[in-house]
Amino acid sequence: MKKVITFGTFDVFHIGHINILRRARELGEYLIVGVSSDELNFSKKQRHPIYSQDDRIGIISSLRFVDEVFLEESLELKLEYIRKFNIDLLVMGDDWAGRFDWVKSDCDVIYLPRTPSISTTEIIEIARTT
């Protein structure tokens, strides 16, 4: 069975999230998703997520093409997560292109194109200004 892993904050869930998760699942038989902790999200984006980590885990867990979800505590632990779950393929959005090539000793890595014209940051900015 080919196991795929991907990671993300998945705050203010939108069609771009659906697209990358669905495409990641199509690349294997079992999809594991690491949802960034509130603390990790703050360290990456200098802002707290709109939805709590528990709510974001609940949203991702409810998707039929996601088999397993866990809390991602650190970007530096990617290789440990890959080894822990015996992963064959890491899938990330192409905004991270090349940033995780260092795990290629343990699994394949694919960077998928993002859905055009949609991002959580843009949605939050639009909501704040309206």
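**A first tour**

Colleague: Leaving aside its neighbours within four places in sequence, which residues is S74 in contact with?
Modeller: Contact here means heavy atoms within 4.5 Å. S74 is in the loop between β3 and α4 (78–84); helices (H or I, at least four residues) and strands (E, at least two) are DSSP runs, numbered from the N terminus. Beyond its neighbours within four places, S74 touches L40 and Y81.

Colleague: What kind of model am I looking at?
Modeller: Residues are numbered from 1 along each chain as its sequence is written, and side-chain values use heavy atoms, without hydrogens and water. Local features need pLDDT of at least 70, side-chain atom pairs count only at pLDDT 80 or more, and totals for chains, interfaces and linings use all residues, as this is a predicted model.

Colleague: Does S74 count as buried or exposed?
Modeller: Buried means under 20% relative accessible area, exposed over 50%, and partly exposed in between (1.4 Å probe, protein chains only). S74 has 16% relative accessibility, so it counts as buried.

Colleague: Which side chain is joined to that of S74 by a polar contact?
Modeller: A polar contact is a pair of N or O atoms within 3.5 Å; within protein, one must be able to donate a hydrogen and the other to accept it, and residues adjacent in sequence count only if both atoms are side-chain atoms. At 2.9 Å, the side chain of S74 has such a contact with that of E76.

Colleague: Which residue in β2 is the bridge partner of F7?
Modeller: Strands β1 and β2 run parallel and are joined by six bridges. In β2 (residues 30–36) sits a glycine, and at 0% relative accessibility it counts as buried. That residue, the bridge partner of F7, is G34.

Colleague: How far apart are the C-alpha atoms of G34 and Y81?
Modeller: G34 has contacts beyond its sequence neighbours, including F10, F70 and E72. As for Y81, it lies 47 residues from G34 along the chain, yet their C-alpha atoms are separated by 8.7 Å.

Colleague: Which residue in β5 is the bridge partner of V91?
Modeller: Strand β4 (residues 89–93) pairs with β5 in the parallel sense over five bridges. For V91, the partner in β5 is I110.

Colleague: How far apart are the end C-alpha atoms of helix α1?
Modeller: The expected span of a helix is 1.5 Å times one less than its number of residues. Helix α1 (residues 15–26) has twelve residues, so it should span 16 Å. The model agrees, with its end C-alpha atoms separated by 16 Å.

Colleague: And what share of the 130 residues in the protein chain is buried?
Modeller: The chain has five helices and five strands. They run β-α-β-α-α-β-α-β-β-α from the N terminus on. Of the 130 residues, the buried share is 47%.

How values were computed:
Pairing = 2+ DSSP bridges.
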